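Welcome to this short tour. Open your viewer, keep the selection tool ready, and follow along stop by stop.

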Amino acid sequence: MLFKTVALGISGGVDSAVAALLLKNRGFQVKGVFMRNWDIADEKTMCTGDRDWEDAQRVCRHLGIPLIHVNFVKEYWNNVFRDFLRDYESGYTPNPDILCNRYIKFDHFFSYATNKEKLAADAIATGHYAKTNFGNFLENYTKNRNVKLLQAKDTFKDQTFFLSRVPQKALRRTMFPLGDMTKGE
């Protein structure tokens with residue numbers, strides 16, 4: 001197996017929990033990473049980041065995988081939210097999910113996860129509904145070849161639009177375990 005250690009972005013939700021189980025069942029050494037991207041100090045909503053953190057902890061405990069908490073609040077503000085506000089004020093209809101995937105999950109998280117001084121993961125994984133021509137678990141990985149982002153089996157849940165600006169460097173070493181599944185499965 002070329003890729004042994006995988007850092008999984010885990011949110012506490014069902015999709016990332018299933019991705020963790022699929023990775024573990026395939027024999028990968030999985031390290032869960034919970035990303036705090038928003039400062040919830042001023043939020044008064046029912047679904048808080050603290051509750052998500054608790055759910056992520058519960059999932060990782062149940063699966064027997066370590067969970068690391070990383071804070072990307074500053075990076076989110078500087079790379080995503082500030083641009084979102086500027087574009088919105090200019091009359092555009094920005095999509096912060098595209099920027100979050102590009103700059104937070106597939107730049108800062110990818111760099112953190114693959115850094116030899118930090119997690120030293122061989123690859124990253126997420127609970128996105130997407131696929132690549134390298135396979136859901138990078139089983140068709142080719143070292144010096146670009147990867148293609150492909151539509152997920154579940155065309156209703158497909159998230160390739162939101163992943164459209166992910167750079168090759170990260171996409172080449174990203175697993176999408178849910179790519180051949182439907183939400184119902």
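Start by selecting Pro-66. Leaving aside residues up to four places away in sequence, Pro-66 touches Val-30, Lys-31, Gly-32 and Cys-60; touching, or contact, means heavy atoms within 4.5 Å. The model you are viewing is predicted, so local features need pLDDT of at least 70 and side-chain atom pairs count only at pLDDT 80 or more, while totals for chains, interfaces and linings use all residues. Residues are numbered from 1 along each chain as its sequence is written, and side-chain values use heavy atoms, with hydrogens and water left out.

Pro-66 sits in the loop between α2 and β3. Helices (H or I, at least four residues) and strands (E, at least two) are DSSP runs, numbered from the N terminus. Is Pro-66 buried, partly exposed or exposed? Pro-66 is partly exposed, with a relative accessible area of 44%; buried means under 20%, exposed over 50% and partly exposed in between, using a 1.4 Å probe and protein chains only.

Next, step back to Gly-64, which follows α2 and has a positive phi near 70°. Then select helix α2 itself, residues 49-63. Its buried residues are Gly-49, Trp-53, Ala-56, Val-59, Cys-60 and Leu-63. Look down the axis of α2: these buried residues fall within an arc of 125°, so they line one face of the helix. The arc is that of the directions from the helix axis to the C-beta atoms. Among the elements covering the buried residues of α2 are α1 (14-25), β2 and β3. Turn to the other side of α2 to find Arg-61 and His-62 exposed.

Now for the sheet. Colour β3, β2, β1, β4 and β7 in that order: these five strands form an open sheet with parallel pairing. Two strands pair if DSSP finds at least two bridges between them. At the edges are β3 (67-71) and β7 (174-175), each pairing on one side only. Select helix α4 (residues 96-114), which packs on the sheet and touches β1, β2, β3, β4 and β7.

To see how β4 (residues 123-125) meets β7, look for the two bridges joining these parallel strands. Ile-124 has Thr-174 in β7 as its bridge partner.

Finally, zoom out. The chain has five helices and seven strands, and buried residues make up 43% of its 185 residues.

Note on methods: Axes are lines fitted to C-alpha atoms, for helices over the stretch in contact, and angles run from 0 to 180 degrees between N-to-C directions. The expected span of a helix is 1.5 Å times one less than its number of residues.
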